[in-house]
Amino acid sequence: MKLEELRFGTELLKRGFASMQKGGVIMDVVNADQAKIAEEAGAVAVMSLERVPSDIRKTGGVARMADPQKVIEIIDAVSIPVMGKVRIGHFVEAQVLETLGVDMIDESEVLTPADEQYHIDKKRFKVPFVCGARDLGEALRRINEGAAMIRTKGEAGTGNVVEAVRHMRNIMGEIRSLKGMDRQEMTDYARAIEAPADLVFECSERGRLPVVNFSAGGIATPSDAAMMMQLGADGVFVGSGIFKSSNPQLMAKAIVEAVNHFNEPEVIARVSKGLGDAMPGLDVHTLRADEVLQTRGR
Amino acid sequence: MDVNIGVLALQGNVSEHIDAFRRALHMMGRGTSSEVFEVRHPGDLNKCDALAIPGGESTTISRLIEKNHLHEPLCTFSGGIFATCAGMVLMATYVDDVRIRTLGLIDMVVDRNAFGRQKESFEADIPIEGLEGGPFHAIFIRAPVAKWVGAGITVLSRMNQGVVAVEYGKHMALSFHPELSCDTRLHERFLKKLCDNNST
């Protein structure tokens, strides 16, 4: 077969890749050893980054894309897909990760935004993107820019699931509310939530987002992960929740099993036994406005 | 004949397979009497005439097969299996990764991610042996290939990197994702063969 007959980087390939992650757990890792532990525990993919969100909170300063050397070490250490985070709007960090061979890019509010006006024009890339969202309007704006996967933002690095729940309920609730609307009302609604009308129509027809929707930001236990699945998530991202717990191996395996059996409380009970301490949590109400990550990018 | 089709729902592209089989059954005029459902536990397999093993992450699915005590029941499953991507990896006798315990249902040696990473994923129109209606629009996502296939295995399609579609008895294994395109010809071919087999 001739090379010119192959088509790369299409919308279908990007969304198809995201779809293969469904029912899975994507784990944050900062080095090759952690990546191997995640793979061994049954992660569907790993997210490579410089520091996990709870450490970013502690250290402060500008949080950027990880060192390419580290990303390459992680890529070489595992056979599962490797994702990487870039700053909102930082299209050159995205070009760098694409060149390195990262399988998906997370344009993430966990890092310090590089552009307060625009997100990355993701349609120009061959590699698929995942973006955070807190409500339907935000999710559809990202999809319109080319995101192949959405993750509800939650509040990263807190070990507190309350914001993840709020954002998942927002999106699922807004999609359900479309059911009672006719086309004109939906057009009006699209204007109100600042989203393209054709994407609102598509959500209404499918009864879901046009792309895979994962949950993120505060998941720290198997029960947290299973709750997000029951609320309608297609899968979960776990950031600090694994490698800031007292026994990462056990916690990682338990969360994978809980996501697989999210509707079976007896399984969740079994895998939750004797896990040691979950990551230390933070009350999101005590965060100062400048410590809140979810409001970055809209 | 009515067919009951299970889709192994441990991880991956499950709902797309359910939809694709429903579309295929509808095209074949069997939409009303047949059922398509998720399979998670060994007991669910007893109800299935056929099983789809979807794409997803093969290391993850392999691990969950063990956790859910599905390895033996899958190895002895008497129906046909329709396996795509990660599913094809699991059907093999040997794969280039010791962490994956394959089912060994099709005598072939499979390489994972044979075309490379996601940026090397591609779409292409490929010829399929004996398939009417022209080439099949195939979607390859971090796809595996068979480097070697045993005697008695029918090769349906081959690319430079290796074999991308095979048939063996009631089973079909594909490197690519027919459930992501609108074309149900391969699903229909699988079901037709299964029904012909069962009625003789």
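**Pocket, sheet, cysteines and overall fold**

Colleague: By class, how many nonpolar, polar and charged residues does the lining of the largest pocket have?

Modeller: This is a predicted model, where local features need pLDDT of at least 70 and side-chain atom pairs count only at pLDDT 80 or more, while totals for chains, interfaces and linings use all residues. Residues are numbered from 1 along each chain as its sequence is written, chains are lettered from A and ligands numbered from 1 in the order written, and side-chain values use heavy atoms, leaving out hydrogens and water. Ala, Val, Leu, Ile, Met, Phe, Trp, Tyr, Cys and Pro count as nonpolar, Asp, Glu, Lys and Arg as charged, and the others, Gly among them, as polar. On that basis the lining of the largest pocket has seven nonpolar, four polar and nine charged residues.

Colleague: And what volume does the largest pocket have?

Modeller: A pocket here is an open set of points on a 1 Å grid where a 1.4 Å probe fits, with protein on both sides within 12 Å along at least five of seven lines; lining residues have an atom within 4 Å of a point. Points are joined across faces, edges and corners, and the volume is the space filled by probe spheres set on them. For the largest pocket, that gives about 570 Å³.

Colleague: Where does the largest share of that lining come from?

Modeller: Of the 20 lining residues, the closest to the centre are Ser19(A), Arg206(A), Pro210(A), Glu16(B) and Leu180(B). Two elements give two or more residues each, helix 1 (11–20) of chain A and helix 1 (14–27) of chain B. Helices (H or I, at least four residues) and strands (E, at least two) are DSSP runs numbered from the N terminus. The largest share, five residues, comes from helix 1 of chain A.

Colleague: Which strands stand at the edges of the open sheet?

Modeller: The three strands run in the order 1(A)-7(B)-8(B), with antiparallel pairing. Each edge strand has a single partner, so one of its sides has no neighbour in the sheet: these are strand 1 (7–8) of chain A and strand 8 (136–140) of chain B.

Colleague: Which residue in strand 8 of chain B is the bridge partner of Glu123(B)?

Modeller: Strands pair if DSSP finds at least two bridges between them. Strand 7 (residues 122–126) of chain B has five bridges to strand 8 of chain B, and two to strand 1 of chain A. In strand 8 of chain B, its bridge partner is Ile139(B).

Colleague: How many of the five residues of strand 8 of chain B are buried?

Modeller: Buried means under 20% relative accessible area (1.4 Å probe, protein chains only), exposed over 50%, partly exposed in between. Strand 7 of chain B is mostly covered, with four of its five residues buried. Strand 8 of chain B is largely enclosed by the rest of the structure too, because its buried residues number four.

Colleague: What is the closest cysteine sulfur to that of Cys203(A)?

Modeller: The whole structure has zero disulfides, a disulfide being a pair of cysteine sulfur atoms within 2.5 Å. Cys203(A) is buried, at 0% relative accessible area. At 15 Å, too far for a bond, its closest cysteine sulfur is in Cys131(A).

Colleague: What radius of gyration does chain A have?

Modeller: Chain A comes to 13 helices and nine strands, and buried residues make up 61% of its 298 residues. The radius is taken over C-alpha atoms, and the globule rule is 2.2 Å times the number of residues to the power 0.38. A compact globule of 298 residues would come out near 19 Å, which agrees with the chain A value of 18 Å.
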